[in-house]
Amino acid sequence: MHVGIIGVGLMGHGIARNILLKGGFRLSFLDHPGNQPTGDLVALGADACTTPADIAQTTDVVILCVTGSPQVEAIIAGDKGVASALRAGTIVVDCSTALPDSTLRMAEVVRQAGGDYLDAPMTRTARHAHEGTLNLLAGGEATVLDRVRPVLAAFTEKVEHVGPLGHGHRLKLLHNYVSVGFMTLLAEAAAQAADSGIDPQVFVDVLANGGGASAALDRLAPYIIEQDRDSLPFFVSNALKDIDYYRDMSKAAGAATTVADGVSDALSIPVDAGHGEAYVPELVRLFRHARET
């Protein structure tokens with residue numbers, strides 16, 4: 001199969017490399033200023049395209065790995081978008097984090113153009129994308145998923161079929177609410193501990209040996225102890241976006257958002273102060289009372 005990818009950022013770059021190296025598929029990608037450097041992809045044989053339509057008219061599978069629903073909608077239904085040039089039978093796999101209602105609308109646009117759609121967001125980090133061991137939460141028809149499993153296998157450890165279309169993105173928002181919520185709470189506690197003069201190693205050890213042991217602690221501990229932010233290269237602005245998507249989804253369902261509202265308020269403070277491109281572990285510093293400049 002000829003694979004196209006739109007969104008060669010921190011996650012998409014690793015996906016693209018593994019499609020070429022592990023999967024051995026032909027690859028086209030959208031040339032975009034938001035990409036990571038793509039020289040290595042070109043050297044491996046990937047083709048750069050100038051519009052989503054250029055990718056759609058030559059590929060069998062189109063993978064989306066962009067920021068959120070506005071970007072997905074522009075790529076699918078916008079001027080020179082995927083739907084304008086889609087070949088019959090092409091499968092669009094949306095690995096972005098998006099609103100389920102938007103996903104259903106874009107899937108219908110793709111169906112009207114003769115294609116199929118899966119929402120398959122990721123639940124691991126850029127390191128796992130580089131290693132080809134991402135996990136995907138796939139929503140959509142099982143028969144469609146089976147057709148693209150050989151491509152997905154090139155960059156994943158596990159692909160779980162979680163239900164009908166839209167359930168992938170719904171579960172991703174539930175997952176990210178819990179994950180980002182835990183890390184936000186932990187960062188605020190770590191900031192208070194630092195302001196109080198508590199040894200950061202002692203703080204981490206106490207949590208790790210008690211009720212604070214968690215994936216959130218594993219990911220933030222390198223920053224708490226050694227100011228190593230690269231354990232989780234995920235922008236605070238994207239964390240806020242995901243929390244606000246969760247709030248929108250919950251409000252549409254009539255569900256409570258009391259805790260989510262508090263997490264959103266906490267993340268809005270550094271974003272509004274111009275720190276949206278700080279990595280999530282840096283919240284430990286940004287939440288401190290005596291902040292370093």
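The model is predicted, so to speak of local features takes a pLDDT of at least 70, and side-chain atom pairs count only at pLDDT 80 or more, while totals for chains, interfaces and linings use all residues. Residues are numbered from 1 along each chain as its sequence is written, and side-chain values rest on heavy atoms, with hydrogens and water left out.

Start with strand E2, residues 26-30. Helices (H or I, at least four residues) and strands (E, at least two) are DSSP runs, numbered from the N terminus. Four of the five residues of E2 are buried, so the strand is largely enclosed by the rest of the structure; buried here means under 20% relative accessible area with a 1.4 Å probe, protein chains only. On one pairing, E2 runs parallel to strand E1 (residues 2-6), with four bridges joining them; strands pair if DSSP finds at least two bridges between them. Glycine 4 sits opposite serine 28 of E2. E2 also runs parallel to strand E3 (residues 47-49), this time through three bridges, and leucine 30 has cysteine 49 of E3 as its bridge partner.

Now for the helices. The axes of H9 (residues 200-208) and H10 (residues 215-226) come within 9 Å and cross at roughly 165°, the axes being lines fitted to C-alpha atoms over the stretch in contact, with angles from 0 to 180 degrees between N-to-C directions. That makes H9 roughly antiparallel to H10, a label for angles over 145 degrees. The contact (heavy atoms within 4.5 Å) involves residues including Phe203 and Leu207 of H9 and Leu217 and Ile224 of H10.

How values were computed: Buried < 20%, exposed > 50% of the residue type's maximum accessible area, 1.4 Å probe, protein only. Parallel < 35°, antiparallel > 145°, perpendicular 65-115°, else oblique.
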